Amino acid sequence: MDTLALEAKSNGQEKKSSAPRPRPKPPKKAKRIVYFEVEIVDAKTKEKLLLLDKVEPTSTILDIKALFHKSNPQWYPARQSLRLDPKGKGLKDEDILQTLPVGTTASFYFSDLGAQIAWGTVFLSECYGPLLIYLMFYFRLPFIYAPKYDFSSSKHWVVHLACMCHSFHYVKRILETLFIHRISHGTMPLRNIFKNCSYYWCFAAWMAYYINHPLYTPPYYGQQQVKTALIIFLFCQVGNFSINIALRNLKCSGSKVKKIPHPTKNPFTWIFALVSCPNYTYELGSWMGFTVMTQCLPVAFFTIVGFVLMTVWARGKHRNYRKEFRDYPTLRSPILPFIL
């Protein structure tokens, strides 16, 4: 019996060993990459500037700009604007080629944006100028007023307070530019720096000339008017700073994902419930306070012009928010709650 059992066992093992083994699965064939052919055409003359062959479908617009820059060194990526239509909107650098409404042969229309400069440089130039110009008038440097007033000091305490508030505002803006603001657009046309700086620098000189003038008269209602205006100014400065911090914390560094700004635990940010751009609202409040504090016509004019400009910017941002987010709060106004 033992011999028969061993034979049966050996026969079973032979049958198992002789059974066909499953064949290994053949390796998956690599997906065939469909390359794009990209043609870059001058938007004005319709002249063909470059033909790029075998462009990967995952390439971004920035990648295409870099390839175009290699063939045309005078047009660096920040200077280029690529569009699908000669009069259309410029494509974003992060747009991916295969997600655009184009075929495998794509045509992009090129426009030269002109020489570019970093936004941070522009912001700092806008702030350093008014800060230094105002101090020149405050210290009454020679050739500004009559020679007998050179390096003299005003007898009115509100003049010294106004200098401190003006300097504080621009020092705050400089520090925010360096350490807080995250600028989404890297550059702007170089010609804009002259326009922007002229606006800020000339207004600063105009205001400073009258506030620090030897014949300047203090506000009509005296200390009560100045102290009330100072409270408004400081309150709005803190509010503006709080909004800038909230906007910074809204997205991580390097991220381009946009989110809806909402009120935080900071009471100064609760205005987000009613306004899309409260940073402009607080900025307007600061200059209104400074106007009341100094009771100076050039300051009032600067506040009005600034209000018009900030309203235009706020409306544009408010419109973009509503386009990008379907669930954007309908109760919000661009800059002034329930009004504008």
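The model is predicted, so local features need pLDDT of at least 70 and side-chain atom pairs count only at pLDDT 80 or more, while totals for chains, interfaces and linings use all residues. Residues are numbered from 1 along each chain as its sequence is written, and side-chain values use heavy atoms, with hydrogens and water left out. The chain holds 8 helices and 6 strands, where helices (H or I, at least four residues) and strands (E, at least two) are DSSP runs numbered from the N terminus.

**Overall architecture**

- Read from the N terminus, the order of elements is α-β-β-α-β-β-β-α-α-β-α-α-α-α.
- Of the 340 residues in the chain, 41% are buried; buried means under 20% relative accessible area, exposed over 50%, and partly exposed in between, with a 1.4 Å probe and protein chains only.
- The chain has an accessible surface of about 21200 Å², and carbon and sulfur atoms account for 63% of that surface; the areas come from the Shrake-Rupley method with a 1.4 Å probe, and for residues only the protein chains shown count as cover.
- Considering contacts between residues at least 6 apart in sequence, 73% join residues at least 24 apart; contact means heavy atoms within 4.5 Å.

**Aromatic pairs**

- The whole structure contains 26 aromatic pairs, defined for rings of Phe, Tyr and Trp (its six-membered ring) with centres within 6.5 Å; planes under 30 degrees apart count as stacked, over 60 as edge-to-face and the rest as tilted.
- One of these pairs is F203 with F301, which is tilted because the ring centres are 6.0 Å apart and the planes stand at 40°.
- F203 belongs to helix α5 (residues 191–211) and F301 to helix α8 (residues 297–324), so this pair ties together parts that are 98 residues apart in sequence.
- F203 is buried at 12% relative accessibility, whereas F301 is partly exposed at 43% relative accessible area.
- The pair of W287 and F290 is edge-to-face, because its ring centres lie 5.5 Å apart with the planes at 85°.
- W287 and F290 are 3 residues apart in helix α7 (residues 278–294), a separation of about one helical turn, and both residues are buried.
- A cluster linked by ring pairs takes in Y199, Y200, F203, W206, F233, W287, F290, F301 and F302.

**Nonpolar cores**

- The largest nonpolar core comprises 33 residues, and those with the most contacts inside it are I211, F290, M293 and F302; such a core is a set of buried Ala, Val, Leu, Ile, Met, Phe, Trp, Tyr and Cys residues joined through side-chain atoms within 4.5 Å.
- At least two residues of this core come from each of α3 (119–138), α4 (157–179), α5, α6 (222–248), α7 and α8.
- Helix α4 provides the largest share of this core, with 8 residues.
- Apart from neighbours within four places in sequence, M293 is in contact with residues including V158, L161, A162, C165, Y216 and F233.
- A second, separate core has 17 residues, among them V38, I64, L91 and L100.

**Helix α7**

- Helix α7 has 17 residues and spans 24 Å from its first C-alpha to its last, close to the 24 Å expected at 1.5 Å a residue; the expected span is 1.5 Å times one less than the number of residues.
- Most of α7 is covered, with 15 of its 17 residues buried.
- Just after α7, Q295 adopts a positive phi of about 50°.

**Selected residues**

- I174 lies in helix α4 and is buried at 7% relative accessibility.
- Leaving out residues up to four places away in sequence, I174 touches L124, C127, Y128 and L131.
- S81 is located in strand β3 (residues 80–83) and is buried at 8% relative accessibility.
- Beyond neighbours within four places in sequence, S81 is in contact with G90, Y109, F110, S111 and L113.

**Cysteines**

- The whole structure contains 0 disulfides, a disulfide being a pair of cysteine sulfur atoms within 2.5 Å.
- The closest cysteine sulfur to that of C165 is in C163, at 9.3 Å, which is too far for a bond.
- C165 is buried at 5% relative accessibility, and C296 is buried with a relative accessible area of 8%.
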